[in-house]
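Hello,

Here is the structure I promised to pass on to you. Have a look at it first, and then read my notes below.

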Amino acid sequence: HRGGEDFPSSNEYTAYLLDSSGLQMTPVISAVGMNYSGNNRFGYLRASHDGKKICSSLGGSSNTTVELLDFDNCTGIISNPISITDNFNYAYSCEFSPNNKVLYVGLVLGGAIYQYDLSSGIQSIIAATETNIASGSDPKPCVQMGPDYKIYVARNGAGYLGVINNPNSVANPDYV
């Protein structure tokens, strides 16, 4: 994703095809979604495990967003932006569940982790499923799926990881 200190305000995503014949040097540029700018921004750009969605969680001192986009991994085209939320203070990390139907978002300030049910594909319904599964328990929580299909949470200064044991479950993700 382009934007920030070295680039002007932009909503452009750049994709390169990597296939059995190697890296194709002609990029596919998709101008879609939020227009990002400024050098006080931070966050994740995470692809779903099936390669069909991308989540951009971008925090900063203002204009914090979490956006879900479609990705065509054959053409490289990114489309159909859905703003999941723009009311978080300092959204940072994001991760898809193993079945790609649940999204987790971690916030830098307050240390909360939010869960979203993506199964409907409809912005208003996705936003309405917002559930705080870890309020203030992990300053700067970074979320990432492990090889055992659980989602691990880096706990700043804690000396151990948190874990979402059932990340596919909307009703009981079992965060410890």
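Let's start with two cysteines. The cysteine sulfur closest to that of cysteine 55 belongs to cysteine 94, and the gap of 3.6 Å is too far for a bond. A disulfide is a covalent bond between the sulfur atoms of two cysteines. To count here, the two sulfur atoms have to lie within 2.5 Å, and the count for this model, which is a predicted one, comes to 0 disulfides. Cysteine 94 is therefore in no disulfide either, with the sulfur of cysteine 55 lying 3.6 Å away. Are these two cysteines buried or exposed? Cysteine 55 has 0% relative accessibility and counts as buried, and cysteine 94, also at 0%, counts as buried too.

Cysteine 94 also leads us into a sheet. Its bridge partner is valine 105 in E10. Strands E9 and E10 run antiparallel and are joined by 5 bridges. They belong to an open sheet of 4 strands, in the order E9-E10-E11-E12, with antiparallel pairing.

Next, have a look at the largest nonpolar core, which has 17 residues. Those touching the most other members are Leu68, Ile84, Leu103, Val105, Tyr116 and Leu118. At least two residues of this core come from each of strands E7 (65–71), E8 (78–85), E9 (91–96), E10 (102–107) and E11 (113–117). There is another core apart from this one, with 11 residues, including Val102, Tyr104, Ile133 and Met145.

Which residues is leucine 118 in contact with, leaving aside its neighbours within four places in sequence? They are Leu68, Ile84, Phe96, Asn100, Lys101, Val102, Leu103 and Ile126.

Strand E14 (residues 151–154) pairs with strand E15 (residues 161–164) in the antiparallel sense, over 4 bridges. Within this pair, tyrosine 152 stands opposite valine 163 in E15. The hairpin has 6 residues between the strands, and glycine 157 takes a positive phi near 75°.

Enjoy exploring, and write back with any questions!

Best wishes

Technical notes: Residues numbered from 1 in each chain as written. Predicted model: local features only at pLDDT ≥ 70, side-chain atom pairs only at ≥ 80, totals over all residues. Heavy atoms only, no water. Core = buried A, V, L, I, M, F, W, Y, C linked by side-chain atoms within 4.5 Å. Buried < 20%, exposed > 50% of the residue type's maximum accessible area, 1.4 Å probe, protein only. Contact = heavy atoms within 4.5 Å. Pairing = 2+ DSSP bridges.
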